[in-house]
Amino acid sequence: MKRKYTALRAWVVQRVSAVYMLLFIAFFLVHLTVDPPQHYEGWHTWITGSAMSVATAAFFAALLAHAWVGLRDVLMDYVHVVTVRVALLGLVGAGLAAAGLWVVHILWTRHV
Amino acid sequence: MPRLNKQRPVFFNLAEIQMPVGALTSITHRITGVLLFLGIPLCVYVLDLSLQGPAGYGQAAALLAYLPVKGAVIVLTWALAHHMLAGIRHLLSDIDIGAQLPASRRSAWIANIGGLAVALLAAGALL
């Protein structure tokens, strides 16, 4: 199948994910400054609340997509030996997928 | 594809290449991006520990108080601050704000110096 507009799509993914992460990080830092959780209970209640766990999951989804587009650009620019490039892309992709599964596991199992 | 002239001059002496401030911001944006990618496992690991119960929360706090980890956190804070400032600069120039050379130079300086300033604040708070 011929894929169209992939460069445009990468450009859009990079910007949408960037704006979401900016908003999330701003909110996270302001919340930590204004109302810092003093102990485990407060932290756990805050992060595992339904709105916050959805927002956190979306943050990591944006982060992984953003990291993939960014690392792919860097590898395409600097690694010209095709086999090495493909191997590194595979490594980065596997690492990001593993991080994603890890985050899903954390948010899923601590939610209870 | 036309055959390239193999005799073309190549000048890769990095010490002698004049880097305008925008180029420095651009390459630093890439370097900080790769650093932040490498920091993802630390971030997820601390999140995991911190939600494992009061004991895990204590372990996460102890880990973040460990000097080499503090060093890593300061470097990652610099990387995040620079990457965000340079990223905002990018987003603004997409909508034609600061796309002209003088404004673009000024915002490049702001990203480079702002990133370092935030890292200094983080170092002051952590050390």
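Residues are numbered from 1 along each chain as its sequence is written, and chains are lettered from A in the order in which they are written. Because the model is predicted, local features need pLDDT of at least 70 and side-chain atom pairs count only at pLDDT 80 or more, while totals for chains, interfaces and linings use all residues.

**Exercise 1. Chain B overall**

Task: State which elements chain B holds and in what pattern, and decide whether chain B is spread out or compact by the globule rule.

Solution: 
- Step 1. Chain B has 4 helices and 0 strands, where helices (H or I, at least four residues) and strands (E, at least two) are DSSP runs numbered from the N terminus. The pattern along the sequence is α-α-α-α.
- Step 2. The radius of gyration, taken over C-alpha atoms, is compared with the globule rule, 2.2 Å times the number of residues to the power 0.38. For the 127 residues of chain B the rule gives 14 Å, and the value is 20 Å, well over it, so chain B is more spread out than a compact globule.
- Step 3. Along the principal axes, the C-alpha atoms of chain B fill a box of roughly 65 × 35 × 30 Å.
- Step 4. Of the 127 residues in chain B, 23% are buried (20 or more other C-beta atoms within 10 Å of the residue's own; exposed means 12 or fewer, partly exposed in between; C-beta atoms are placed from the backbone).
- Step 5. Contacts (C-beta atoms, placed from the backbone, within 7 Å) with a separation of 6 or more in chain B are 73% between residues 24 or more positions apart.

**Exercise 2. Chain A overall**

Task: Repeat the analysis for chain A, giving its helices and strands and its radius of gyration.

Solution: 
- Step 1. Chain A comes to 4 helices and 0 strands, and from the N terminus its elements run α-α-α-α.
- Step 2. With 112 residues, the globule rule gives 13 Å; the radius of gyration of chain A is 17 Å, well over that, so chain A is more spread out than a compact globule.
- Step 3. The box filled by the C-alpha atoms of chain A is roughly 50 × 25 × 25 Å along the principal axes.
- Step 4. Buried residues are 12% of the 112 in chain A.

**Exercise 3. Packing inside chain A**

Task: Describe how α2(A) and α3(A) pack, with angle, distance and residues.

Solution: 
- Step 1. Axes are lines fitted to C-alpha atoms, for helices over the stretch in contact, and angles run from 0 to 180 degrees between N-to-C directions. The axes of α2 (residues 40-48) and α3 (residues 50-78) of chain A are 5 Å apart, at an angle of about 70°.
- Step 2. Angles under 35 degrees count as roughly parallel, over 145 as roughly antiparallel, 65 to 115 as roughly perpendicular and the rest as oblique. The helices α2(A) and α3(A) are therefore roughly perpendicular.
- Step 3. W46(A), I47(A) and T48(A) of α2(A) meet M52(A), S53(A) and T56(A) of α3(A).
- Step 4. These residues divide into 3 nonpolar, 3 polar and no charged (nonpolar: Ala, Val, Leu, Ile, Met, Phe, Trp, Tyr, Cys and Pro; charged: Asp, Glu, Lys and Arg; polar: the others, Gly among them).

**Exercise 4. Packing inside chain B**

Task: Classify the pair α1(B) and α4(B) by angle and by handedness.

Solution: 
- Step 1. The axes of α1(B) and α4(B) (residues 101-126) come within 8 Å and cross at roughly 45°. The two are therefore oblique to each other.
- Step 2. The crossing is left-handed (the near helix is turned anticlockwise from the far one by less than a right angle; right-handed if clockwise).
- Step 3. The contact includes L24(B) and T28(B) of α1(B), and R105(B) and W109(B) of α4(B). Its residues are 5 nonpolar, 5 polar and 1 charged.

Notes:
Two residues are in contact if their C-beta atoms, placed from the backbone, lie within 7 Å.
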